[in-house]
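Let's take a friendly look at the charged side-chain pairs in this protein. Here are the sequence and the model to have at hand while you read.

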Amino acid sequence: MNEKVLDIKSKIIQQTKSLIESVDEAFINGTAAHKVEENLLKQLLKIGHQCMLLLFEHYGSCNLGEDLDLLDGSCLKRLSELHPKEYLSIFGLINAERCVYGTREGQKIDYVPLDARLQLPKQKFSYLLQNWEQSLATEMPYLKVNETMMQILNLSIPVSSLERTNQNMNQYSKKYWDNQIEIKTAEKAQYIVASSDCKGVVIRKSIEEKEEYRLNEGNQSKPASIESSSSKKRNGKKKMAVLGAVYTIESNVRSPDDVLDSLFRAPDDPSPYENAPPRPKPQDKHVRASMHRDDADTLQPAREEIFNWLEQEYNERNPKGNNINILLMDGEEKLWSMGDDLNVSGTPVKILDIIHASSYIWIGIQALHPNNTVVQNIPLVKAQVGHLLEGNALKVIRSLRWQATHMNLKGTKLEDINKACNYLKKNLKRMKYNEYLAAGYPIGSGVIEGACRNVVVDRMECSGMRWVMNGAKSMLNIRCIHLNGNWEHFIDYYIEEEQKDLYPIKAANDDSFIESMVA
């Protein structure tokens with residue numbers, strides 16, 4: 001055992017004794033518990049750092065000799081210079097000097113025994129540190145993550161490093177989504193509900209776009225007030241993300257009146273379900289987001305990724321086709337056309353979100369009664385929504401058109417009536433609400449609306465945030481894995497897959513070296 005190992009062990013023993021003595025001293029002096037706790041953490045971090053140093057020192061430079069035979073029969077040469085490696089653990093920085101093997105100095109390094117033996121990550125940040133920092137990063141801005149890690153571990157992790165780690169993890173996310181997500185099979189009589197929607201993410205200008213602006217407009221003289229008032233628009237523009245959500249739920253039979261009363265209940269009114277049995281809640285909810293683009297910058301690749309995933313979820317939740325599949329969305333035709341192409345057991349029941357349908361009735365009623373207050377229009381809207389819930393969407397369309405003709409509406413008011421009626425007519429086949437309610441189907445897309453808010457708004461739209469496309473794609477992928485409750489499983493998968501990429505070869509005399517070190 002070398003002297004440095006003995007010296008590190010001696011320091012660990014001394015620091016441990018000091019730790020115990022500090023507790024005894026705190027008892028004698030009556031030190032507050034939180035002060036003791038704070039001091040203990042600082043000392044434990046120092047002991048942890050010494051223990052990590054001890055681990056690395058046990059290996060030394062990991063010299064396996066001048067020649068290194070590989071299991072594939074090839075041979076590598078030990079390069080003459082030791083190569084440095086930084087390893088940042090939760091306890092602090094370790095600087096290691098390692099033997100490396102390859103063809104010759106200056107060429108590609110083919111094998112690093114120390115890195116392979118300790119399964120070191122690609123980046124200098126330990127896997128545990130990556131786990132903690134990225135778990136925080138899915139919930140809070142990178143700068144806040146840095147502040148949190150500094151406060152707890154006294155480690156400063158630059159925002160740029162946090163971004164790179166996030167994108168490095170994301171390289172393994174697609175394969176994880178395709179092959180590793182555990183999807184629970186729906187129980188008998190449960191419905192499988194899928195939904196999709198779009199939400200914008202503010203993307204800052206690329207270097208090329210900034211340069212184009214500078215050449216075309218940046219040199220023109222404008223008053224400072226104009227520059228100030230228009231700067232927000234130049235900082236970035238929104239690019240749409242396509243989101244998907246899937247869950248299972250029990251049947252919940254309601255009457256049209258039950259739903260109508262619930263939709264138009266005043267905040268202080270008792271719930272119509274107050275004395276009813278608890279309403280079933282969504283179970284095993286999964287969410288996913290995509291911002292993939294093609295060369296023409298269209299959303300089609302993102303739509304395809306999300307709907308391929310929805311198809312996978314349908315089929316794994318309902319492998320025998322015994323459960324009812326439901327597709328519940330708003331009225332975007334491109335999404336519905338993707339839903340038509342789903343290859344699942346049994347054609348999904350397609351339902352237009354009742355809230356979205358109701359919003360078009362509001363447009364029609366406001367066009368008919370522009371001078372009314374919102375409160376005055378509520379009974380009029382409620383009556384028409386009641387017709388919708390009873391399965392009489394055609395009656396609503398005829399009523400709005402008849403009133404518009406009778407009132408001789410023109411201009412924008414007539415345009416609003418046509419907009420509302422055309423929308424409802426286009427979605428007639430998805431508004432059989434009386435049948436849906438009688439069967440116990442959900443008719444509101446609150447889950448996907450909540451996903452848009454939770455996945456995108458709560459993380460991607462913090463004050464002043466502007467994303468680059470790659471960073472936005474990466475964060476959305478990683479955040480959805482976290483929100484789905486798959487984080488620790490993903491971290492294990494990420495480590496395993498990165499290790500396969502980093503260390504695909506093994507030295508024939510590696511084990512004998514370790515045996516000699518232990519002996």
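In this predicted model, Lys4 and Glu57 pair up in a salt bridge whose closest N and O atoms are 4.0 Å apart. Lys4 belongs to helix α1 (residues 3–29) and Glu57 to helix α2 (residues 33–59), so this contact ties together parts that are 53 residues apart in sequence. The pair is one of 19 salt bridges in the structure.

A local counterpart sits in helix α7 (residues 173–179), where Asp178 and Lys174 are four residues apart, about one turn of the helix. Their salt bridge brings the closest N and O atoms to 2.9 Å. How exposed are the two partners? Asp178 is partly exposed, with a relative accessible area of 33%, and Lys174 is also partly exposed, at 45%.

Asp297 and Arg293 form another salt bridge, with 3.6 Å between the closest N and O atoms.

| Salt bridge | Closest N and O atoms |
|---|---|
| Lys4 and Glu57 | 4.0 Å |
| Asp178 and Lys174 | 2.9 Å |
| Asp297 and Arg293 | 3.6 Å |

Methods:
Residues numbered from 1 in each chain as written. Predicted model: local features only at pLDDT ≥ 70, side-chain atom pairs only at ≥ 80, totals over all residues. Heavy atoms only, no water. Salt bridge = Lys/Arg side-chain N within 4 Å of Asp/Glu carboxyl O. Helix = DSSP H or I, 4+ residues; strand = E, 2+ residues; numbered from the N terminus. Buried < 20%, exposed > 50% of the residue type's maximum accessible area, 1.4 Å probe, protein only.
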